[in-house]
Amino acid sequence: MINVPATIRISFRALRVNKMRSALTMLGIIIGVSAVITMLAVGTGARQRIGEQMASIGSNLLMVLPGSTTSGGVRMGAGTQPTLSTGDADAIQKECLSVMYVAPVLSGVAQVIYGNQNWSTGITGTTTSMLYVRDWPLSAGRPFTDEEMRSASKVCLLGQTVVDNLFGGINPIGQIIRIKNVPFTVIGVLDAKGQDPGGHDQDDTVYVPVTTAQKKLFGTAFPGMVRIIMVKAKSADDLASAEKEIAELLRQRHHIGQKQDDDFTVRNLTQMMQAAEQSTKVMTLLLGAIASVSLLVGGIGIMNIMLVSVTERTREIGIRMAIGAKTWDIRLQFIIEALTLSMIGGVVGIIIGISSSEVVSLIFGWPTVISPVSIILSFGFSGFVGIFFGFYPAYKASLLDPIEALRYE
Amino acid sequence: MALIETQNINKIYSLGDVEVNALKDVSLTIEKGEFIAIMGPSGSGKSTFMNVLGCLDKPTSGIYLLEGIDVAHMNRDELAAIRNKKLGFVFQGFNLLSRTSAMENVELPMLYDGLPAGERKEKAMAALAVVGLAGREDHHPNQLSGGQQQRVAIARALVNNAPIILADEPTGNLDTKTSIEIMELFVRLNGESHITVILVTHEKDIAEFSKRRIFFRDGVVVSDELSGKA
């Protein structure tokens, strides 16, 4: 019969006898486990941040940008010539079946003044659809009405950052602000959204009707011109077909011949974000894998020390066998010793891993997330390492011939 | 029924091409309560015979009945259980676990027998008292004299109430005075508790303490005589 608590006590005593050696052996596991924890925390943090940013710009998004045009045989740089119009946006909304919402954008930077406060911010001329495209609700007030859109009314929606900088504690709804010296009535406030994937403050913006932006703020020689058309597809599966439908429609509307290049670009934002997420995922796995190698090396260290220990204690093993220790009594003693080394190393490693993740996010400002899964995983893995690398030395010890072992000097 | 009965035990070691016949048809009967000295020159097979009696080694052929049970064909773990329950070992080099208290050394056989901690402590204290080491429970082997270490080893051999104590040159590392004390302890245990003591020695005056002397030469029992004490 195997007396497990007693065997554990025997193992602990053996480890205490060689404190320095035990500590150094644990060090391998400590480094391995803390590396795994830290790497996974950094990777998971990066992924989570990208996920949040993805949600904040809205899902299933396509962005239609002006492309390069050819004028008099000279190819112009992309975006230098305005090629998109409100008409294109309306047509996409009407004709493309895979499209849910369409919002044209004409934007610019301007000084916004309220009373004696002024603030320089991005002005976005768009339609109410933008709120649906971006999944961006209002925290107060109301969106633009159709009448306001048609008549190019001087009304605006403010982002939270603009509200904070211009109004302080005052309720902005109904107040008059001046954009490029044109007075606008504030009719609503956008919900706070935070940073976009580029680290840009999305709340530092003012929405005005696209018609107003065209006529009163950023008017150009091309009436109805817009800078970007934002499109939300019906679902993630519809993104590809929406992209194709838009391209076909715009080629037709822009009278582009078969051999000519598009004068616009359709960009799949969701795909870009997914690619970014995918690459951080691969990165996390890679970092984790590299860290696991150090855990493996730690395990080999344990095996090494256990083999030395078995040889050193051959006589002790002989005595134990003579007195009545069975095969598994001996095996368990050494396996538990290895397991104790690796588990204590694992616990210390987890503590160090958690604190070093905190340090990483403090010093480098990277978000780190310590998932319970990574803790359970590395704790379980260090236990497995202990048993796996402890078994062979224990097995070797249990096969010793008691007579030979007793004679060992 | 005899306590120990061996019938035609042979032990053959193969050292490469050479075969060494360490024991040749050894047949012996040992009754409960005997005090036996096994003697002989080195290489006579006396240690091999002790190892076989101690269930540390298996005979190549022959029958070994311990309390009527054939132990020659048991596996490792069954033999370990027999050693734990039926046999107590005392070695020339004491073979105590270093860095382990006298108490814990004596507790060891009970640990492998699965006795609860309370009972282990109680029995270990009692065994240490029997060998005259009460009060030294917490001493480690390096804090004890050779004679005291051997007493701890004897306490360890006694603690599971084994009917047989096998002592392999128990006084080999001790001075004459201590040797006599240890031998007197064996005599007392044999006399008071009827424990069967089998000891290997090549010293005549140590063998004098026994009741029966068995001489080995070249793997054969050459003489088996009772002393006047029997």
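Reader: Which domains does the domain assignment of chain A give?

Author: The assignment gives domain 1 (4-53 + 275-407) and domain 2 (82-262) for chain A; such bounds come from an automatic or database domain assignment. The centres of domain 1 and domain 2 of chain A, taken over C-alpha atoms, are separated by 56 Å. This is a predicted model, in which local features need pLDDT of at least 70 and side-chain atom pairs count only at pLDDT 80 or more, while totals for chains, interfaces and linings use all residues. Residues are numbered from 1 along each chain as its sequence is written, and chains are lettered from A and ligands numbered from 1 in the order in which they are written.

Reader: Why is chain A called more spread out than a compact globule?

Author: The radius of gyration is taken over C-alpha atoms, and the globule rule is 2.2 Å times the number of residues to the power 0.38. For 409 residues the rule gives 22 Å, whereas chain A has 34 Å; this is well over the rule, so chain A is described as more spread out than a compact globule. The C-alpha trace of chain A spans about 105 × 60 × 35 Å along its principal axes. The secondary structure of chain A comprises 13 helices and 14 strands, where helices (H or I, at least four residues) and strands (E, at least two) are DSSP runs numbered from the N terminus.

Reader: Why is H2(A) called roughly antiparallel to H9(A)?

Author: Axes are lines fitted to C-alpha atoms, for helices over the stretch in contact, and angles run from 0 to 180 degrees between N-to-C directions. Angles under 35 degrees count as roughly parallel, over 145 as roughly antiparallel, 65 to 115 as roughly perpendicular and the rest as oblique. The axes of helix H2 (residues 19-57) and helix H9 (residues 269-312) of chain A come within 8 Å and cross at roughly 175°. H2(A) is therefore roughly antiparallel to H9(A). By class, their contact has 22 nonpolar, 13 polar and four charged residues; Ala, Val, Leu, Ile, Met, Phe, Trp, Tyr, Cys and Pro count as nonpolar, Asp, Glu, Lys and Arg as charged, and the others, Gly among them, as polar.

Reader: Why does A:Gly390 count as buried?

Author: A residue is buried if 20 or more other C-beta atoms lie within 10 Å of its own, exposed if 12 or fewer, and partly exposed in between, with C-beta atoms placed from the backbone. A:Gly390 has 25 C-beta neighbours inside 10 Å and so counts as buried. A:Gly390 belongs to helix H12 (residues 372-398) of chain A. Two residues are in contact if their C-beta atoms, placed from the backbone, lie within 7 Å; not counting residues up to four places away in sequence, A:Gly390 touches several residues, among them A:Ile302, A:Met306 and A:Phe334.

Reader: Why does A:Asp135 count as partly exposed, and why does B:His194 count as exposed?

Author: A:Asp135 has 17 C-beta neighbours inside 10 Å and therefore counts as partly exposed. B:His194 has 11 such neighbours inside 10 Å and therefore counts as exposed. A:Asp135 lies in the loop between helix H4 (129-133) and strand E7 (138-141) of chain A, and B:His194 in the loop between helix H6 (176-193) and strand E8 (196-200) of chain B. Phi is positive at A:Asp135, near 50°, in a residue other than glycine; B:His194, also not a glycine, has a positive phi of about 55°.

Reader: What makes helix H1 of chain B mostly covered?

Author: Seven of the eight residues of helix H1 (residues 46-53) of chain B are buried. Those buried residues include B:Phe49, B:Met50 and B:Leu53. Just after H1(B), B:Cys55 takes a positive phi of about 60°.

Reader: How many residues of chain A are in contact with chain B?

Author: 17 residues of chain A are in contact with 19 residues of chain B. H10(A) gives the most to the side of chain A that touches chain B, with five residues. By class, that side has 11 nonpolar, three polar and three charged residues.
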